[in-house]
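Morning, everyone. Please bring up the structure on your screens. I'll take you through it in a few minutes.

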Amino acid sequence: MTGTVLAALAAQAAPFLACALVLIFLRGRPRAAAGAAIAALTVSFAATALLVWQVAVPNVACGTPPGPCVTQALWLPVQGGAGLAFGVILDPLSATMALVVAVITLAVMVYSTGYMHGDPGFGRYFGFLAFFGWAMLGLVLASNLLQLLVFWELVGLASFLLIGFWFERAAPAAAARKAFIMTRVGDVGFLLGVLLLIRALGVATIPDVIAAATGPAPAFRVPLVAFLLLMGVIGKSAQGPLFTWLPDAMEGPTPVSALLHSATMVAAGVFLVARLHGLFAAAPAVMHGLLLLALVTALASATMAMVANDIKRVLAYSSISQLSYMLMGLAAGSVAAGFFHLTTHAGFKALLFLASGIFIHHAHSNDMREIAEHEPLSQKAGVIGLVAGSLALAGVIPFAGYFSKEAVLGAMGEHVGGVVLALAYFGAGLTAYYTFRMVFLTLRGAAAQAHRRTDAPTQPGPAAHEEHFSKAAHAAMAWPVLVLAALTLVLGYLGGFFAVRLSPALPHEGPFHVGTGAVVALALVAAGIALAWYEFGRAGALRLGFAERVPVLKSFFGDNWYLDRLYNATVVRWTVALSRAAKWNDHTVLDGASDVVAQGTVWGGRILAMGQNGFVQAYVAVAISVVAALGIWLMRTGGQP
Amino acid sequence: MNPTLYLGFATLLFGIGLYGLLQRRSLVAMLISLELMLAAVSVNVVALTTLTGHDASMGQVVALILVGVAASETAIGLSLFVAIHRASHSIDVENLSELKG
């Protein structure tokens, strides 16, 4: 095991060193910064590939009953077994996730050398990306929950820094704050849950936590802890009431959206549920609540994606929706299904973002109708990436998304039925509809001219450097897209791999097993694509969706179901009012009190200074009077007070 | 021996010295007044030693030492006044109020 532990440590150390090197020494040297970051992630990639080869492929397990292999060192041990422990956890889940993170980060870094070419913050950008790579790999490989919490917050910090990368503009700065604060709301619960676990177990090593939760007499209240941890998941994975930060997070650079806000960071919540699945499974009521919440989120965000015109927002809503599907798979009891969907989604959603980045870079606009007017078909790699990614996202056989979504829906079919299952299938149809609405709106430009509009939100890309934009930069953007596009055809066959390793107890069918579920899903997908073709794709189409034609629905769906307005009118307003009161208290009461003390000192000094008139004889008179008074007092009282 | 008369004389001497110290504006006159007060202290020492039961010459020795101390003090004071006079061409205390608060 020593070799794999060293590999796991190397995978984390390399990006950390690169981040420190870039941020301290190489900020002003773009080529060196990008080179250092990419070299570090290449090391991580090699190390995590070794982990998969050594741990996930042979399905290594430790202990009885067989579980993840933990190697950790206790730092600052406290009597009673508690303390700070740092270590790595190695099992097929963490090894595979680490490889996914390393691959996507590496691909995004290579792509960014083209996309961010000429940006004044180029060096800083690569420093942040390396920082994120370190934090995310640390999260995935953390052996205990306190360590995981530390890296959980560090990826949140990376998200904040990268969303607000163009902080000199107001919108990204506001979006970064919003993302940070909204995820923090959930993280309060996460922190409390971890603290409860630490109080009960000392060091909350992950296998110990699961063993304790599934044991006969848990040392902590399992449903409460599961609920608190889920709050963190909901914030991080943009679910339920806390999802509205993710669409706004699209203000960051597009490769950042690909890496953090679709493929890896937002999947950290899903990963946590998979990681602690034993704990969550021991709280069935909480799991059922999660299933319903994820279902509502999946459908709600699908409706929002149906009316958005910003290509990145469409993809953001679809990320929320797909994260919900992952959580539904996990909540239905199948770690394999949920994690399989996470893996394929990481591939095809990163692909979609990177492909859309090519169009955004070309058209200097995020608006799909604008992109359509700038000859999108001339961007060959972008078209290939967008189409392949969309086929995978919509769930068309034989692209990756089909297999993983089938696994999720199959797991749900085993677990729940009736309306919930029907709605989950309906969501799959909606996914196909909004995905191909995006494809047709973006690529079918000729038909768009009749409906040219000017209300496009302007978000200049990192462009304005077009004249320096070299062939090498184009290639740097094209290659990751093409590699990921090829991966969408490959990743779908990993279902069996995950099923055997992550959910060995559940039944598993081969990838091309076609049951009623698959037929229904494919029929719904076909219907969704056909509707999208009718409304957006065919010659002479109105290019106006059915939801967009109803003004009420358009504004309701297009405005995050008015959730942001609700929050602004309630929580945000109350918080601002409270902050104002605190500010008044600080400025008027506290500062006022210290001002009074200072003024009093000054005035007291002035009054006393009047006695200091500079005449020696006056001083002598005072001194003698005081001594005389003292003498008289001593004589009268004899020194007794 | 009743020292009351001597103590009364010393009090008178001290009072005259104090009055001069507070009244006169010239540094030299103030120094002279200070010497008067010191002389009153010497008289007190000589007079009060007789009450202690010790040898009365003890107080006289102390008084002689006090006279020596007073002489050296006067020498230092006068040299300071010369220096002050060189600096400000005056030994009037009313003009020496630069340390006013």
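**A helix pair in chain A**

Let's start with two helices of chain A: H13, residues 284–307, and H23, residues 551–558. Their axes come within 8 Å and cross at roughly 115 degrees. That angle makes H13(A) roughly perpendicular to H23(A). The crossing is left-handed. One caution before I go on: this is a predicted model.

Why quote an angle and a distance? Because those two values, taken between the axes, are how a packed pair of helices is described.

Which residues make the contact between H13(A) and H23(A)? From H13(A), we have Thr303(A), Met304(A), Met306(A) and Val307(A). From H23(A), we have Lys554(A), Phe557(A) and Gly558(A).

**A buried helix**

Now to another helix of chain A. Is H11(A), residues 267–275, enclosed or open? Nine of its nine residues are buried, so H11(A) is largely enclosed by the rest of the structure. Let me read them out.

**Chain A as a whole**

Let's step back. How many helices and strands does chain A have? The count is 25 helices and two strands. Chain A has 641 residues, and 52% of them count as buried. Its C-alpha atoms fill a box of roughly 115 × 65 × 50 Å along the principal axes. Now the contacts. Take those in chain A between residues at least 6 apart in sequence: 80% of them join residues at least 24 apart.

**Chain B**

On to chain B. Here we have three helices and zero strands. Read from the N terminus, the order is α-α-α. Why call chain B more spread out than a compact globule? Its radius of gyration is 17 Å. The globule rule gives 13 Å for 101 residues, and the value for chain B is well over that, so the chain is more spread out than a compact globule.

The box for the C-alpha atoms of chain B is roughly 50 × 25 × 25 Å, again along the principal axes. What share of its 101 residues counts as buried? The figure is 13%. As for contacts in chain B with a separation of 6 or more, 52% come from residues 24 or more positions apart.

That's the tour. Thanks, everyone.

Notes. Residues numbered from 1 in each chain as written. Chains lettered and ligands numbered in written order. Predicted model: local features only at pLDDT ≥ 70, side-chain atom pairs only at ≥ 80, totals over all residues. Helix = DSSP H or I, 4+ residues; strand = E, 2+ residues; numbered from the N terminus. Rg over C-alpha atoms; globule rule 2.2 N^0.38 Å. Buried ≥ 20, exposed ≤ 12 C-beta atoms within 10 Å, placed from the backbone. Contact = placed C-beta atoms within 7 Å. Axes fitted to C-alpha atoms, helices over the stretch in contact; angles between N-to-C directions. Parallel < 35°, antiparallel > 145°, perpendicular 65-115°, else oblique. Left-handed = near helix turned anticlockwise from the far one by under 90°.
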